[in-house]
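Visitor: Please show me the structure, and then let me ask about it piece by piece.

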Amino acid sequence: MKRKIIRLVAAFMATICLFLSGCAVTDAPEKPMKKETLVIGSDIYSPYFYLDDNGDFAGIDVEMAREACRRLGVTPEFRQISWQNKDAYLNDGAVDCLWGSFSMNGREADYAWGGPYMYSRQVVVVKASSDIRTLKDLNGKYIAVQNASKPDELFSNDAVSGVSVKKVYSFDAMSNALAALKKEYVDACAGHETACLDYINTISGEYRILDEALLISELGVAFNRERGTKRADQLTSVLTEMKNDGTIRRILERYELDVDFALRGNK
């Protein structure tokens with residue numbers, strides 16, 4: 001009799017435990033894990049990175065970043081920054097990477113790089129009526145550039161072979177540098193060809209791009225050299241995959257670029 005009572009009590013307690021366990025599962029379902037966020041910093045540099053009519057981030061680099069982040073399983077968060085302070089943003093962790101038509105050339109050891117994912121010509125723009133025809137014609141002239149850009153570095157350090165301009169005017173945004181040319185405060189302006197074309201197609205007046213390029217730039221995504229190497233390597237793999245499967249080509253075609261040059265870096 002005692003054994004029978006003990007068995008009944010044990011069975012009853014086991015049933016209670018199962019019931020309580022089932023209630024716990026029902027009342028406290030597991031929450032889905034939140035995706036890691038990749039904070040991407042750039043200045044406004046159309047058509048690579050800009051705000052559309054709805055105030056949302058758009059552009060070549062924004063489209064590439066969204067697809068690359070989808071493949072990496074992370075959520076992109078875009079942040080507009082002051083480009084001349086880009087290193088401070090990156091080093092203090094305000095952004096995880098710099099992705100805004102950023103030239104890798106000469107900066108290979110300064111960052112951990114994802115890419116290159118495309119190529120761009122750094123060019124000089126002048127008024128159509130200008131007597132400047134070659135880079136050497138820039139000697140003794142005034143030129144406008146964006147602060148902390150590759151043309152700023154080249155002209156400020158007399159690093160363009162055979163050229164010594166009279167003065168370099170450095171602006172906080174590429175649109176302001178091109179506006180200085182429009183108003184004839186300077187003789188020429190220098191920057192990424194695609195950005196220059198994007199701007200001059202929207203303003204009055206006639207302009208020319210010199211045939212000689214300052215530089216063929218490899219564009220990449222810059223991470224902090226100490227903290228970002230793993231993510232940079234992962235991104236390089238994804239960008240290579242996107243190039244091989246035609247994704248990058250399809251994005252570039254929407255912006256009316258010379259796609260073959262942008263992908264291969266030669267004319």
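Visitor: How many disulfides does the structure hold?
Guide: The model is predicted, and side-chain atom pairs count only at pLDDT 80 or more. A disulfide requires two cysteine sulfur atoms within 2.5 Å. By that rule the number of disulfides in the structure is zero.

Visitor: Which cysteine sulfur is nearest to that of Cys97, and how far away is it?
Guide: Cys97 takes part in no disulfide. Its relative accessibility is 0%, so Cys97 counts as buried. The nearest cysteine sulfur belongs to Cys69, at 7.3 Å.

Visitor: And which cysteine sulfur is nearest to that of Cys189?
Guide: Cys189 is in no disulfide either. With a relative accessible area of 0%, Cys189 is buried. The nearest cysteine sulfur lies 5.4 Å away and is that of Cys196.

Visitor: Is strand β7 mostly covered or mostly open, and how many of its residues are buried?
Guide: β7 spans residues 142–146 and is mostly covered. The cut-off for buried is under 20% relative accessible area. Of the five residues in β7, the number buried is four.

Visitor: Which helix goes with β7 and β8 in a β-α-β unit, and what is the hand of the unit?
Guide: The helix is α4, residues 150–156. Together with β7 and β8, helix α4 makes a β-α-β unit whose hand is right-handed.

Visitor: What is the volume of the largest cavity, and which residues are closest to its centre?
Guide: The count of cavities of 30 Å³ or more comes to one. The largest cavity has a volume of about 140 Å³. It is lined by 16 residues, and the closest to its centre are Trp83, Ser101, Gln146, Ser149 and His192.

Visitor: Which element gives the largest share of that cavity's lining?
Guide: By class, the lining of the largest cavity has five nonpolar, eight polar and three charged residues. The elements that give two or more residues to this lining are α4, β9 and β5 (97–103). The largest share is four residues, and it comes from β5.

Visitor: What is the volume of the largest pocket, and which residues are closest to its centre?
Guide: The largest pocket has a volume of about 350 Å³. Its lining consists of 20 residues, and the closest to the centre are Thr194, Leu197, Tyr255, Glu256 and Leu257.

Visitor: How do the residues lining the largest pocket divide by class?
Guide: At least two lining residues each come from β6 (112–127), α6 (193–200) and α9 (259–264). By class, the lining of the largest pocket divides into six charged, four polar and 10 nonpolar residues.

Visitor: Where is Gln80, and how far apart in space are Gln80 and Asp43?
Guide: Gln80 is in strand β4, residues 75–80. Its relative accessibility is 44%, so Gln80 counts as partly exposed. Gln80 and Asp43 are 37 residues apart in sequence, while in space their C-alpha to C-alpha distance is 5.2 Å.

Methods:
Residues numbered from 1 in each chain as written. Predicted model: local features only at pLDDT ≥ 70, side-chain atom pairs only at ≥ 80, totals over all residues. Heavy atoms only, no water. 1 Å grid on protein atoms, 1.4 Å probe; cavity = no way out; pocket = protein on both sides within 12 Å on 5 of 7 lines; lining within 4 Å. Points joined across faces, edges and corners; volume = space filled by probe spheres on them. Nonpolar A, V, L, I, M, F, W, Y, C, P; charged D, E, K, R; others polar. Buried < 20%, exposed > 50% of the residue type's maximum accessible area, 1.4 Å probe, protein only. Right-handed = clockwise from strand over helix to strand, strands pointing away.
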